[in-house]
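This report goes through selected local features of one structure. The sequence and the model are shown first, and the text follows them.

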Amino acid sequence: MELILASASPRRRELLQQIGVPHRCDPADIDESRHEGEPPEEYVQRMAQEKAAVVAARYSGQSVVVLAADTSVVLDEDVLGKPADHFDGLGMLARLSGRSHAVLTAICLQRPDGDSQTQLVETQVTFTSLSRELCEAYLATDEPWDKAGGYGIQGLAAAFVSSIEGSYSNVVGLPLAQTWQMLSGLGIASVLETPGE
Ligand SMILES: Cc1cn([C@H]2C[C@H](O)[C@@H](COP(=O)(O)OP(=O)(O)OP(=O)(O)O)O2)c(=O)[nH]c1=O
């Protein structure tokens, strides 16, 4: 059974490669707006499910599994997505400075015949205090723009992270232990195992 990664994120591709799971990429393009009053946990799960469903519909009748994910930074019940512009990015970094926030990633596995399963994984990340100058310097790099919360823990922003509780790969966009467990349950093999064993 072939695995389709419904993602345009280079991080998700690299993370899946890291654990030796063969896959093909077929990105989903969906409306990512949040419903009025929608709790962050429900929002990220709905996003992952919608990405998976859109791509699964392209493979009707085929023996594939579609994997989709959505990552959001959550602070005071607000969802911080990708910064829209410099001002937005500056506001996000100022809010994250000196505090802990949650990074939520939902993963969804969908078969074209309709079966699907979703899992939500949470990681707590604590930032050191960031000066205005530091935020400006970071925003002058190309790192913040395609990332939830306007930072990348795998890049320069690692310097801002004083502690993390939970899965690191979850922050980068795909919680690997949980993903691997779900894939194994469906018989999708990595280089670490052979189907049927
Ligand atoms: C917090 C954080 C997020 N991110 C990234 C992971 C996700 O790619 C992105 C959140 O946006 P998503 O909407 O989850 O994903 P995406 O638009 O990049 O890709 P696709 O929907 O096609 O799968 O932020 C990091 O790379 N590092 C970090 O430290």
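## Local features of the model

Asp76 is exposed, because 7 other C-beta atoms lie within 10 Å of its own. The model is a predicted one. Asp76 is placed in the loop between E3 and strand E4, which spans 78-80. Its phi is positive, about 50 degrees, although Asp76 is not a glycine.

Glu77 belongs to the loop between E3 and E4. Glu77 has a positive phi of about 70 degrees and is not a glycine either. Most residues other than glycine have a negative phi. Glu77 has 8 C-beta neighbours inside 10 Å and therefore counts as exposed.

### Residues around the ligand

Which residues come nearest to the ligand? Among the 23 residues around the ligand, these are Ser7, Ala8, Ser9, Ile153 and Gly173. Two or more residues of the shell come from each of helix H1 (10-18), strand E3 (64-75) and helix H5 (168-172). E3 gives the most, with four residues. By class, the shell around the ligand is made up of ten nonpolar, seven polar and six charged residues.

### The pair H3 and H4

Two packed helices are described by the angle between their axes and the distance between the axes. For helix H3 (residues 86-96) and helix H4 (residues 132-139), the angle is about 135 degrees and the axes are 10 Å apart.

On the H3 side, the contact is made by His86, Gly89, Leu90, Leu93 and Ala94. On the H4 side, Cys135, Tyr138 and Leu139 take part. What classes of residue make up the contact of H3 with H4? Six are nonpolar, two are polar and none is charged.

### Ile188, in the segment after H6

Ile188 is found in the segment that follows helix H6 (176-185). Is Ile188 buried or exposed? With 21 other C-beta atoms within 10 Å, Ile188 is buried, since the cut-off for a buried residue is 20 or more. Leaving aside residues up to four places away in sequence, Ile188 touches Met1, Leu3, Val21, Val65 and Leu183. One of these contacts, Val21, is 167 residues from Ile188 along the chain, and the two C-alpha atoms are separated by 7.9 Å.

### Two residues of strand E6

Leu120 is found in strand E6, which covers residues 116-127. Leu120 counts as partly exposed because it has 18 C-beta neighbours inside 10 Å. Not counting residues up to four places away in sequence, Leu120 touches Glu41, Val44, Gln45, Leu104 and Ala106.

Glu122 is also found in strand E6. Glu122 has 17 C-beta neighbours inside 10 Å and so counts as partly exposed. With residues up to four places away in sequence left out, Glu122 touches Ala102, Leu104 and Gly166.

### Gln18 and the C-alpha separations

Why does Gln18 count as exposed? Gln18 has 11 C-beta neighbours inside 10 Å, and a residue is exposed if that number is 12 or fewer.

The table lists C-alpha separations for residues described above, including the pair of Ile188 and Val21.

| Residue pair | Apart along the chain | C-alpha to C-alpha |
|---|---|---|
| Ile188 and Val21 | 167 residues | 7.9 Å |
| Gln18 and Leu176 | 158 residues | 9.1 Å |
| Leu120 and Leu192 | 72 residues | 24 Å |
| Glu122 and Ala106 | 16 residues | 8.8 Å |

Gln18 and Leu176 are 158 residues apart along the chain, with their C-alpha atoms 9.1 Å from each other. For Leu120 and Leu192, 72 residues apart along the chain, the C-alpha separation is 24 Å. Ala106 touches Leu120, and its C-alpha lies 8.8 Å from that of Glu122.

Technical notes. Residues numbered from 1 in each chain as written. Predicted model: local features only at pLDDT ≥ 70, side-chain atom pairs only at ≥ 80, totals over all residues. Near = placed C-beta within 6 Å. Nonpolar A, V, L, I, M, F, W, Y, C, P; charged D, E, K, R; others polar. Axes fitted to C-alpha atoms, helices over the stretch in contact; angles between N-to-C directions. Contact = placed C-beta atoms within 7 Å.
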